[in-house]
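I opened the model to look up its sheets, its helix packing and its cores. The entries below follow the order in which I looked.

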Amino acid sequence: MNPITVSMTRFMQEHPKLKYIFFGGKGGVGKTVMAGAAALWAAKQGKRTLLASTNPVHSLSNLLEKDVFGKTAMVCDQENCFAFEIDTKDTIERSKQEIREKINWFLKFADITTQAEEFIESATMNPAFALWVDKMLKSREEAKSLRELLSFSKKKEADPLMDYLLGFKERMARAKELLTDEALTAFFFVTLPESLPIAVITRFINWFHEFGIPVGGVIVNGVIQKEQVADDAAAFVHNRIAMQQEHLQEIWRIFGERVRALLPLFETEIKGAATLHRLESSLFA
Ligand SMILES: Nc1ncnc2c1ncn2[C@@H]1O[C@H](COP(=O)(O)OP(=O)(O)O)[C@@H](O)[C@H]1O
Ligand SMILES: [Mg+2]
């Protein structure tokens with residue numbers, strides 16, 4: 001019972017221009033190890049590969065057994081494969097600093113004496129930042145045209161805040177374009193044969209469809225191999241196998257042709273080169 005119609009390998013063959021591969025799912029299901037295995041595979045196909053993580057939990061360093069936090073290192077001695085854990089805190093801080101400078105310039109320019117800090121905090125920590133950028137752009141444009149109307153000279157004035165906002169908007173539009181291009185981007189969702197992780201990715205997949213973000217498929221991880229279990233194994237093992245079988249039925253029912261791989265529960269965790277190579281050959285069997 002393994003009715004996979006389009007495997008990982010076949011999906012990759014059908015998407016030769018694929019450039020951005022993401023792995024999503026509930027915590028602990030195996031996103032990091034799958035990303036590692038996929039990076040290794042891509043590198044072995046001759047592609048220059050970057051395995052990146054934005055997760056504040058430093059899981060890549062743990063997986064690769066070397067420190068890649070805020071710096072790159074080679075993955076499993078594969079010369080064209082590098083890993084990098086993004087220092088999210090530092091990245092956000094730098095972006096805040098950038099916008100802080102522009103806003104302070106604007107406040108000074110407009111002769112407003114107020115503390116910019118609270119404003120910057122709410123602007124940069126808010127998920128609706130893009131909407132805020134739009135609003136700011138509009139009011140900056142209005143202020144600008146008003147100033148132009150009132151002044152007799154038509155010479156163009158430098159406006160760092162406006163430039164920043166326009167640049168930001170352009171970058172976001174470009175990112176959206178790349179992330180919604182199904183030739184370039186694919187999101188894979190990892191689940192275990194358990195109810196909660198299945199529920200999580202069912203929701204994710206619906207959202208992704210709504211946003212037009214390409215879903216590459218579903219990877220089912222941690223499947224206990226029945227034939228490896230003796231008849232007299234402990235009851236909880238047999239119960240777990242039965243539970244997994246039920247959830248596997250549900251997975252076929254919900255995701256059907258979108259299932260790309262079924263991966264066994266290995267006898268050890270995935271850590272270091274040997275197990276990662278092994279997972280890679282299993283994911284791209
Ligand atoms: N198929 C598997 N067999 C055995 N251990 C696994 C398997 N997949 C993942 N693991 C282990 O499970 C843990 C969670 O995996 P991880 O990739 O860090 O999850 P996530 O990134 O989704 O939080 C890790 O210790 C990993 O080594
Ligand atoms: Mg992880």
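Entry 1, helix 9 and the sheet. Which strands does helix 9 lie across, and at what angle does helix 9 run to strand 6? I found that helix 9 lies across strand 5, strand 6 and strand 7, running at about 175 degrees to strand 6. The model is predicted: local features need pLDDT of at least 70, side-chain atom pairs count only at pLDDT 80 or more, and totals for chains, interfaces and linings use all residues. Residues are numbered from 1 along each chain as its sequence is written, chains are lettered from A and ligands numbered from 1 in the order in which they are written, and side-chain values use heavy atoms, with hydrogens and water left out. For helices (H or I, at least four residues) and strands (E, at least two) I used DSSP runs, numbered from the N terminus. Axes are lines fitted to C-alpha atoms, for helices over the stretch in contact, and angles run from 0 to 180 degrees between N-to-C directions.

I looked up the strand order and got 1-5-6-7 for the four strands, with parallel pairing. Strands count as paired if DSSP finds at least two bridges between them. Strand 1 (20–24) and strand 7 stand at the edges with a single partner strand each, so one side of each has no neighbour in the sheet. The twist from one strand to the next averages 20 degrees. Strand 5 and strand 6 (residues 215–223) pair in the parallel sense over five bridges, and Phe 188 stands opposite Gly 217 in strand 6. Helix 8 packs on the sheet, touching strand 5 and strand 6, and its direction makes about 160 degrees with that of strand 5.

The axes of helix 8 (residues 195–211) and helix 9 (residues 235–255) come within 11 Å and cross at roughly 10 degrees. The two helices are therefore roughly parallel to each other; the cut-off for that word is an angle under 35 degrees. I listed the contacts (heavy atoms within 4.5 Å). Ser 195, Ile 198, Ile 201, Thr 202 and Ile 205 in helix 8 meet His 247, Glu 250, Ile 251, Ile 254 and Phe 255 in helix 9.

Entry 4, strand 4 and its partners. Strand 2 (residues 49–53) pairs with strand 4 (residues 78–85) in the parallel sense over five bridges; Thr 49 stands opposite Cys 81. Strand 3 (residues 72–75) pairs with strand 4 in the antiparallel sense over four bridges, and Ala 73 has Ala 83 as its bridge partner. Two residues lie between the strands of this hairpin, where Cys 76 takes a positive phi near 45 degrees.

I took a nonpolar core as a set of buried Ala, Val, Leu, Ile, Met, Phe, Trp, Tyr and Cys residues joined through side-chain atoms within 4.5 Å; buried means under 20% relative accessible area (1.4 Å probe, protein chains only). The largest core has 40 residues, and Met 34, Val 75, Ile 219, Leu 276 and Leu 283 have the most contacts inside it. Helix 2 gives the most to this core, with 10 residues. A second, separate core of 16 residues includes Ile 198, Phe 208, Val 218 and Phe 255.

I placed Leu 107 in helix 4 (residues 88–109). Leu 107 counts as buried because its relative accessibility is 11%.

Note on methods
Buried means under 20% relative accessible area, exposed over 50%, partly exposed in between (1.4 Å probe, protein chains only). Angles under 35 degrees count as roughly parallel, over 145 as roughly antiparallel, 65 to 115 as roughly perpendicular and the rest as oblique.
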